Amino acid sequence: NMSWQAYVDTNLVGTGKVSKAAIIGHNGGTWATSSGFVVSQQEGLDLAAAFKDASNLRSKGAFINKEKHMVVLANDRSIYGKKEKGGFAAVKTTQAILIGTYVEPLTAGNCNNTVLEIVIMRSWLITVYLIEQGLSLIHI
């Protein structure tokens, strides 16, 4: 099975366009994360809530790995934040939230696109279904 950790290591950080990454549940629990990168349950819950109403993050900032980011865009599908020399992209799926961060010289555009592309790929949806069902990946 392609594990959640493999998605973090290969499909996100492995692209060279994302510095650190995590996959978390809507309850803030961590499914997989880069080494040394921690999204606390409260940070995850705050992020999950912001897909419905981002006013709290817009006023107080989004904390990821204990680092404060200014929210530059938030809607019901994605949230983007920045801080000095870096930032993050968070994209919501039915069950999870994918988070990718970047630190210069990596760019916001490349990081954001990498995270978003994984979510919108048909293979991502198939993979999520198969992992949730405990099945091996098959070519569809």
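What follows is a working chat about the strands, helices and backbone of a predicted model.

Trainee: Before I start, what are the ground rules here?

Mentor: This is a predicted model, where local features need pLDDT of at least 70, side-chain atom pairs count only at pLDDT 80 or more, and totals for chains, interfaces and linings use all residues. Residues are numbered from 1 along each chain as its sequence is written, and side-chain values use heavy atoms, with hydrogens and water left out.

Trainee: Fine. What is the strand order in the open sheet?

Mentor: The open sheet has seven strands in the order 2-1-7-6-5-4-3, with antiparallel pairing. Helices (H or I, at least four residues) and strands (E, at least two) are DSSP runs numbered from the N terminus, and two strands pair if DSSP finds at least two bridges between them.

Trainee: Which strands stand at the edges?

Mentor: Strand 2 (30–33) and strand 3 (62–64) each have a single partner strand, so one side of each is left without a neighbour in the sheet. On average, neighbouring strands of this sheet are turned by 25 degrees against each other, direction ignored. Axes here are lines fitted to C-alpha atoms, for helices over the stretch in contact, and angles run from 0 to 180 degrees between N-to-C directions.

Trainee: And strand 1, buried or exposed?

Mentor: Five of the six residues of strand 1 (residues 20–25) are buried, so this strand is largely enclosed by the rest of the structure. Buried means under 20% relative accessible area, exposed over 50%, and partly exposed in between (1.4 Å probe, protein chains only).

Trainee: How many bridges join strand 1 to strand 7?

Mentor: Six, and the two strands run antiparallel; alanine 21 has glycine 100 in strand 7 as its bridge partner. Strand 1 also pairs with strand 2, antiparallel, over three bridges. Those two form a hairpin with four residues between them, and glycine 28 in the turn has a positive phi of about 90 degrees.

Trainee: Which residues other than glycine have a positive phi?

Mentor: Asparagine 65 is one, with phi near 55 degrees; this residue is in the loop between strand 3 and strand 4 (67–74) and is partly exposed at 22% relative accessible area. Lysine 85 is another, at about 60 degrees. Lysine 85 lies in the loop between strand 5 and strand 6 and is exposed, with a relative accessible area of 51%.

Trainee: Where is the cis peptide bond?

Mentor: From glutamate 104 to proline 105, with omega near 15 degrees. Proline 105 lies in the loop between strand 7 and helix 4.

Trainee: Switching to helices. At what angle do helix 1 and helix 4 pack?

Mentor: About 130 degrees, with the axes 11 Å apart. Helix 1 and helix 4 are therefore oblique to each other: angles under 35 degrees count as roughly parallel, over 145 as roughly antiparallel, 65 to 115 as roughly perpendicular and the rest as oblique.

Trainee: Which residues meet there?

Mentor: Tyr7, Asn11 and Leu12 in helix 1 meet Thr114, Val115 and Ile118 in helix 4, with contact meaning heavy atoms within 4.5 Å.

Trainee: Last topic: how many aromatic pairs?

Mentor: One. The ring centres of tryptophan 4 and tryptophan 31 are 5.0 Å apart and the planes are at 50 degrees, so the pair is tilted. Rings of Phe, Tyr and Trp (its six-membered ring) pair if their centres lie within 6.5 Å; planes under 30 degrees apart count as stacked, over 60 as edge-to-face and the rest as tilted.
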